[in-house]
Amino acid sequence: MKHVRVGLVVPSSNVTVETELPAILARHPGASFSFHSSRMRMAKVSPEGLAAMNAQRERCVIELGDASPDLILYACLVAIMAGGPDEHRRVEGLVAEQLATGGSEALVRSSAGALVEGLHALGARRIGLVMPYMRPLAEQVVAYLTAEGFQIADWRALEVEDNREVGCIPGGRVMAAARSLDLAGVDAVVISACVQMPSLALVEAAEQELGVPVISAATSGAYSVLKACGLPLTVPGAGSLLRSDADADAAVTVAPSI
């Protein structure tokens, strides 16, 4: 069985990505995974807090390089998207260059890029979004995904600025926001456009209730890790994106519940 060593660059106040991503990938039938984190100091999800956090990236990459990871995931979606269009490609390239300078051949992905990748894999064009961010940052996420060619049909921002509180948002509040979306003509719903807002337990049930594919920053991150490593894209209990028929960028439909 193949073993994959995953390095995670995470905000210091984040606890969810180190819970949900391992939980998903532990279900993979063909590989094992270990996770190794380096943290960037950040408590408030604000433009100033994100800028100060991003300035710590190079230190984190150096630390993770010492652990010889197979892949590094930059696990803060809004920190990338707040940088403007195409930022995930720029940052992934910079991290890869830094690793190569140190002799590492680790693959590099980001939560922002993984969400874009996951939506394309589902064949989604028109989407709904649920986010924990304050409205100005949420609008930047909407603008980023629009620049990537998606049409944002409707979105909700829960407006929680303290990142520690984001990790404690109840699933009922997330589902209430998802239910309030206008889903007419929507191809997919992003139930959590944030690696810190818990959502893994909601994905399967939300798909059945809403009648469309549902993904999150966590499930798209897992998809990106598997795809980058050339592993089968099938994990039980994690939604349409991580079923085998999501491969080959095929559109996926979910039968509405009766």
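Strand β1 (residues 2-11) and strand β3 (residues 71-74) run parallel and share four bridges. I then checked what faces Val-6, and found Leu-71 of β3 opposite.

Next I traced the sheet. I found an open sheet of four strands, paired in parallel, in the order β2-β1-β3-β4. The edges are β2 (31-40) and β4 (107-110). Each has a single partner strand, so one side of each lacks a neighbour in the sheet.

Helix α11 (residues 217-228) lies across β1, β2, β3 and β4. I noted its angle to β4 as about 160°.

I turned to the nonpolar cores. The largest one holds 95 residues. Leu-129, Tyr-133 and Leu-145 touch the most other members. I followed up on Leu-129. Leaving out residues up to four places away in sequence, Leu-129 touches Val-142, Leu-145, Ile-152, Asp-154, Trp-155, Arg-156, Leu-181, Val-190 and Ala-193.

Last, I checked confidence. The chain averages a pLDDT of 91, and 94% of the residues score at least 70. Residues 245-258 fall below 50. In the model, this stretch has 32 contacts beyond near neighbours in sequence. Where pLDDT is low, predicted coordinates should not be read in detail.

How values were computed. Residues numbered from 1 in each chain as written. Predicted model: local features only at pLDDT ≥ 70, side-chain atom pairs only at ≥ 80, totals over all residues. Heavy atoms only, no water. Core = buried A, V, L, I, M, F, W, Y, C linked by side-chain atoms within 4.5 Å. Buried < 20%, exposed > 50% of the residue type's maximum accessible area, 1.4 Å probe, protein only. Contact = heavy atoms within 4.5 Å. Pairing = 2+ DSSP bridges. Helix = DSSP H or I, 4+ residues; strand = E, 2+ residues; numbered from the N terminus. Axes fitted to C-alpha atoms, helices over the stretch in contact; angles between N-to-C directions. pLDDT = per-residue confidence, 0-100.
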